[in-house]
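Subject: Structure handover

Dear colleague,

Here is the structure I said I would pass on. My notes follow it.

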Amino acid sequence: MDDNRLYAIGEVARRTGLSVSAIRFYSDEGVVAPARVTDAGHRHYDVHAIARLEFVSTLRELDAGLEDIRRLLDGSVTLTDLATAHLSRLDDQARRIRSRRAVLRTIAKQHTEAEQVVLLHKLAGMSDEDRDRLMDDFWAEISEDLQISSDFLDIMRNGPLVLPDEPSTEQLEAWIELADLLRDPGFRREVREALHATFSTPDAAVMTSTKMVDAFKRGGEILGRANDAQQAGAPADSPLGREIAAEYTAHLGEIAETPDSPRFRRKLAADVLNIERWHLEALEEEEASGDPYARYQSLVAIIDGSAQQAAEFKPFAWLSAALTASADHTLSPGRATRECPPSGDVAEA
């Protein structure tokens, strides 16, 4: 295109793909003015105006408003600022669309009355603050007079319930179901009764104490290290494997007040596999029993993503093998360092 040439509005329309009426509209709105207007009122545009029209057309296709475009062209905002603000609006729209899709799919799967449709829409569109208030109210009611430590109560509650920025349909549907349950007086009563029945014994008071919570967290950290080592491909019979086995043995030995020995490590190796088997069987039994608290945990695990993490958490066989391998190293006062080597990198192990 010739930088010095002026183009009639019809030719500008052909070059830009815009309609003549659209070009006139942008001129009348002060967005892109023609380079010249003849005495007869004909508008002519130079190459710079045509470039601006093409830019405006692109922004309009991205749903940018006229006022935003006008501010961008006059230098009030940068293109980065405009894109960032528009992206935020699109993200909000996308979240609303996903929420509506989850509601519609839920309605399509079951016979839903008009009142339930309104409720489902409200639940799916709740803000983080609304979810926090609903959870706070639920836990305040079901945990009243429950004789357990606040630390154990925090573990049971699973912390703040936050939907990810881009939740899956499964997560949104789980939240809709959970929110509906949390507002149900009958469900609250069932969970409250189940928890009070479970934690009303003297043994329960000991197992839910702050001391036991700390021990549970420490055990979880060691299992996490074992899981990381297993996923990194570190052999169970390696310096790192023996180090983690020694940590686990020391941790369980302190709880059981049992000194370290090859026999104790082999017992722990068998216990670790039994723990995994017991955990899986307990989950299946809870789901089959219709335990209301088990359903609560299941839905929370879907919403916060911990269900997927649990499916990928498989340190037990590796830790059992590490304990067995480390037990084969003779324990004696002069060779204790063989059981507890210096910390090493997973990759090096």
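Arg 218 counts as partly exposed, at 34% relative accessibility; buried means under 20% relative accessible area, exposed over 50% and partly exposed in between, with a 1.4 Å probe and protein chains only. This is a predicted model, in which local features need pLDDT of at least 70 and side-chain atom pairs count only at pLDDT 80 or more, while totals for chains, interfaces and linings use all residues. Residues are numbered from 1 along each chain as its sequence is written, and side-chain values use heavy atoms, with hydrogens and water left out.

Salt bridges

Arg 218 forms a salt bridge with Glu 247, with 3.3 Å between the closest N and O atoms; the term covers a side-chain nitrogen of Lys or Arg within 4 Å of a carboxyl oxygen of Asp or Glu. This pair links distant parts of the chain, with Arg 218 in helix 12 and Glu 247 in helix 13, 29 residues apart. Helices (H or I, at least four residues) and strands (E, at least two) are DSSP runs, numbered from the N terminus. Shared partners join Arg 218, Glu 221, Arg 225, Glu 243 and Glu 247 into one network of salt bridges.

Glu 221 is partly exposed, at 49% relative accessible area. Why are Glu 221 and Arg 218 separated by about one helical turn? Because they are 3 residues apart in helix 12 (residues 210-232). An α-helix has 3.6 residues a turn, so residues three or four places apart point the same way.

The count of salt bridges comes to 17. One of them pairs Asp 137 with Arg 188, the closest N and O atoms being 2.9 Å apart. Here too distant parts of the chain are linked: Asp 137 belongs to helix 7 and Arg 188 to helix 10, 51 residues apart. Asp 137 is partly exposed, with a relative accessible area of 42%, whereas Arg 188 is buried at 7%.

Helix 13 (residues 239-256) has 18 residues and reaches 25 Å from its first C-alpha to its last, close to the 26 Å expected, where the expected span is 1.5 Å times one less than the number of residues. Its buried residues include Glu 243, Thr 249 and Gly 253. Glu 257 follows helix 13 and has a positive phi, near 55°.

Phe 264 lies in helix 14 (residues 262-289) and is buried, at 9% relative accessibility. Leaving aside neighbours within four places in sequence, Phe 264 is in contact with Thr 249, Leu 252, Gly 253, Thr 258 and Pro 259; contact means heavy atoms within 4.5 Å. Between Phe 264 and Gly 253 there are 8.5 Å, C-alpha to C-alpha, and the two are 11 residues apart in sequence.

Nonpolar cores

The largest nonpolar core has 30 residues, of which Trp 139, Trp 175, Leu 178, Leu 195 and Tyr 296 touch the most other members. Such a core is a set of buried Ala, Val, Leu, Ile, Met, Phe, Trp, Tyr and Cys residues joined through side-chain atoms within 4.5 Å. Helices 7 (128-142), 8 (150-157), 9 (169-182), 10 (185-198) and 15 (292-304) each supply at least two of its residues. Helix 9 gives the largest share, 7 residues. Not counting residues up to four places away in sequence, Tyr 296 touches residues including Met 135, Phe 138, Trp 139, Leu 178 and Phe 187. A second, separate core of 23 residues includes Ala 22, Val 47, Ala 49 and Leu 72.

An open sheet is formed by 3 strands in the order 1-3-2, with antiparallel pairing; two strands pair if DSSP finds at least two bridges between them. Strand 1 (7-8) and strand 2 (36-37) are the edge strands, each pairing on one side only. Strand 2 is joined to strand 3 by 2 bridges, and Arg 36 stands opposite His 44 in strand 3.

His 44, in strand 3 (residues 43-45), is buried, with a relative accessible area of 15%. Among the residues that His 44 touches, not counting those up to four places away in sequence, are Leu 6, Tyr 7, Pro 34 and Arg 36.

Regards
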